[in-house]
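Colleague: I'm new to this one, and I'd like to learn how to read it. Could you walk me through it, feature by feature?

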Amino acid sequence: MKMQSKIKMAGEVIQVLVDHNTDDWGYYDHDRRLIYISQRAIDYDQYAETLRHEMMHAALRIGGVAFNETMEEEALIRCLETIFFPAWDAIQPAMS
């Protein structure tokens, strides 16, 4: 599986970096547009699942859904349909 160095979501370029010093599997820094993937996610063959998880966090923040005080299901679904899934589908050929 090929690791990504950057992805594009809703016109935003997000860098993907390996973090050797985190206890988390990964995390998304919205202000810096960075996805960090833990070295252990790579070591344990969890890279794709962790990247997908962090991309969903990014989609919800970019789409504004993460900032809602109450979560409306339709807002969440539309955000994932229009931001997350197109970005995830776009990187699949490069990860194979």
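Colleague: Let's start with the hairpin. How many residues lie between β1 and β2?

Modeller: Keep in mind that this is a predicted model. Strands of a sheet pair through backbone hydrogen bonds, either parallel or antiparallel. Here β1 and β2 form a hairpin with two residues between them, and Ala 10 in the turn has a positive phi of about 50°. The two strands, residues 6–9 and 12–19, run antiparallel and are joined by four bridges. If you want a spot to look at, find Lys 8, which stands opposite Val 13 in β2.

Colleague: And which way do β2 and β4 run, parallel or antiparallel?

Modeller: Parallel, with five bridges between β2 and β4 (residues 34–38). Val 16 stands opposite Ile 35 of β4 on that side. Now look across to β3: Tyr 28 also stands opposite Ile 35, and β3 and β4 run antiparallel, joined by four bridges.

Colleague: So what is the order of strands in the sheet?

Modeller: Read it as β1-β2-β4-β3, an open sheet of four strands with mixed pairing. β1 and β3 (26–29) each have a single partner strand, so one side of each is left without a neighbour in the sheet. On average, neighbouring strands are turned by 25° against each other, ignoring direction.

Colleague: What packs on the sheet?

Modeller: Helix α2 does, touching β1, β2, β3 and β4. The direction of α2 makes about 25° with that of β3.

Colleague: How do I read the packing of α2 and α3?

Modeller: Start with the angle and the distance: α2 (residues 47–62) and α3 (residues 73–95) pack at about 140°, with axes 9 Å apart. The crossing is right-handed. Then see who makes the contact: α2 brings residues including Leu 51, Met 55 and Ala 59, while α3 brings, among others, Ile 83, Phe 84 and Ala 87. The residues of this contact divide into 17 nonpolar, no polar and one charged.

Colleague: Which residues have the most contacts inside the largest nonpolar core?

Modeller: Ile 7, Met 9, Ile 35, Leu 51 and Met 55, in a core of 23 residues. β1, β2, β4, α2 and α3 each supply at least two residues of this core, and α3 gives the most, with eight.

Colleague: What does Met 9 touch?

Modeller: Leaving out residues up to four places away in sequence, Met 9 touches Ile 14, Met 55, Ala 58, Ala 59, Ile 62, Ile 83, Phe 84 and Ala 87.

How values were computed:
Residues are numbered from 1 along each chain as its sequence is written. This is a predicted model: local features need pLDDT of at least 70, side-chain atom pairs count only at pLDDT 80 or more; totals for chains, interfaces and linings use all residues. Side-chain values use heavy atoms; hydrogens and water are left out. Axes are lines fitted to C-alpha atoms, for helices over the stretch in contact, and angles run from 0 to 180 degrees between N-to-C directions. A crossing is left-handed if the near helix is turned anticlockwise from the far one by less than a right angle, and right-handed if clockwise. Contact means heavy atoms within 4.5 Å. Ala, Val, Leu, Ile, Met, Phe, Trp, Tyr, Cys and Pro count as nonpolar, Asp, Glu, Lys and Arg as charged, and the others, Gly among them, as polar. Two strands pair if DSSP finds at least two bridges between them. A nonpolar core is a set of buried Ala, Val, Leu, Ile, Met, Phe, Trp, Tyr and Cys residues joined through side-chain atoms within 4.5 Å. Buried means under 20% relative accessible area, exposed over 50%, partly exposed in between (1.4 Å probe, protein chains only).
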